[in-house]
Amino acid sequence: MEKRSAAMATIGWIGLGHMGSRMTANLVKGGHTVLGFDLNPAAIEAAAVGGVKPVASLAEAVRDVDAVFTMLPKGEHVRAVYLGEGGVLAHAAPTTLLVDSSTIDIDSARTLHETASESGFRFVDAPVSGGISGAAAGTLTFMVGGEPAAVDAAATLIEPMSGNIIRTGGATSGQAAKICNNMMLLINLAGCAEGAVLADRLGLDPQVFWNVASVSSADSWALRTWYPVPGIVETAAANNGFAATFTAELANKDIGLALAAAESTGTVLPAAQLVRDQLQHLVDSGRGDRDCSLIISHIDPAIG
Ligand code: NAD
């Protein structure tokens, strides 16, 4: 069933990749008008199929809209898009609500909150969890940090894209929650990879082992959504030769954010460090653009 929001809005959306293309389609289904921009023209064309109105520049996307959403790879991209010459702060009216749903470092998020506020804007950090399957289904979990009134305004717009909207607290708290969540996810994924290979070598049928684990204490979102063995889970990249649903490069970024946060808080995270080394190796060996579940190739080099 389509989820319709109370007030229809015009939204400027920057970043129409794996996630943004699917999230915008649900905003359109929810009755909103979405003006979409991406540096990659093919991404804009693909999003237009979902009902996004294509525009040719960032300025066109953010001028005269009620809200701007960004769904970009890393902190450096988000800082450039908001703060750069010709960026969002330069072109949007200060009444425009600004929502960043990318996963980025806490220092960048803090800079964005502070600079936006100094320029008279409301800004919230609103990263998401649920992968491209959750983005397509409109069931993402949003973790939203910022001033309560801005968070409430963002929540109204977020509704058609989400299964859960969790108010995490003040500025940057959404990113803090997301960084911890993704660190746990990627450790779970590494566990799935090790379990899948060992089960195979012990002669277990892969489907039978998955059936056991999914109703036993090894169950996890990674197991049910990204299981790195072909033919078991419909949404897994393993079914498509590990073509990316979430790239190894972005996963490496996320676990790196956790390790940076660990360093700044004096926390030792040995499991995260191990997974980071495996993802870094995928990137260094030229496989950063493939799916992060290819981490299984560390356990069985014949895969991928
Ligand atoms: P992606 O690389 O598929 O999409 C990012 C898009 O941003 C690309 O189309 C790129 O061309 C565009 N872009 C980059 N710089 C730009 C600029 N200056 N102006 C306009 N467009 C620009 O990435 P994704 O998988 O959609 O992820 C986006 C964010 O969401 C990342 O921070 C990621 O960590 C996070 N995330 C991803 C997933 C997932 O499963 N893919 C899940 C949750 C969160």
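Axes here are lines fitted to C-alpha atoms, for helices over the stretch in contact, and angles run from 0 to 180 degrees between N-to-C directions. Helices are DSSP runs of H or I with at least four residues, numbered from the N terminus.

Some housekeeping. This is a predicted model, in which local features need pLDDT of at least 70 and side-chain atom pairs count only at pLDDT 80 or more, while totals for chains, interfaces and linings use all residues. Residues are numbered from 1 along each chain as its sequence is written, and side-chain values use heavy atoms, with hydrogens and water left out.

I start with helix 12 and helix 13. Helix 13 covers residues 270-287, and its axis lies 9 Å from that of helix 12, at an angle of about 145°. The crossing is left-handed, meaning that the near helix is turned anticlockwise from the far one by less than a right angle. In contact, that is, with heavy atoms within 4.5 Å, are residues including Ala-251 and Ile-255 of helix 12 and Leu-279 and Val-283 of helix 13. The residues of this contact divide into 9 nonpolar, 4 polar and 3 charged. For those classes, Ala, Val, Leu, Ile, Met, Phe, Trp, Tyr, Cys and Pro count as nonpolar, Asp, Glu, Lys and Arg as charged, and the others, Gly among them, as polar.

Helix 12, residues 248-264, also packs with helix 9, residues 173-201, at about 120° with the axes 8 Å apart. The two are therefore oblique to each other; the term takes what is left once angles under 35 degrees are called roughly parallel, over 145 roughly antiparallel and 65 to 115 roughly perpendicular. Helix 9 also passes helix 12 in a left-handed crossing. Helix 9 brings Ile-179, Asn-182, Met-183 and Leu-186, and the residues of helix 12 include Ala-251 and Ile-255. This contact has 7 nonpolar, 1 polar and 1 charged residues.

Next, the ligand. How many residues surround the ligand? There are 23, and the closest are His-18, Met-19, Asp-38, Pro-73 and Lys-253, where a residue counts if one of its heavy atoms lies within 4 Å. A polar side-chain atom of Lys-253 is 2.8 Å from a ligand oxygen. From the backbone, an N or O atom of Met-19 lies 2.9 Å from an oxygen atom of the ligand, and a polar atom of Thr-103 lies 3.0 Å from one.

Last, helix 4 (residues 75-83) and helix 6 (residues 106-118): their axes come within 10 Å and cross at roughly 10°. They are therefore roughly parallel to each other.

How values were computed
A polar contact is a pair of N or O atoms within 3.5 Å; within protein, one must be able to donate a hydrogen and the other to accept it, and residues adjacent in sequence count only if both atoms are side-chain atoms.
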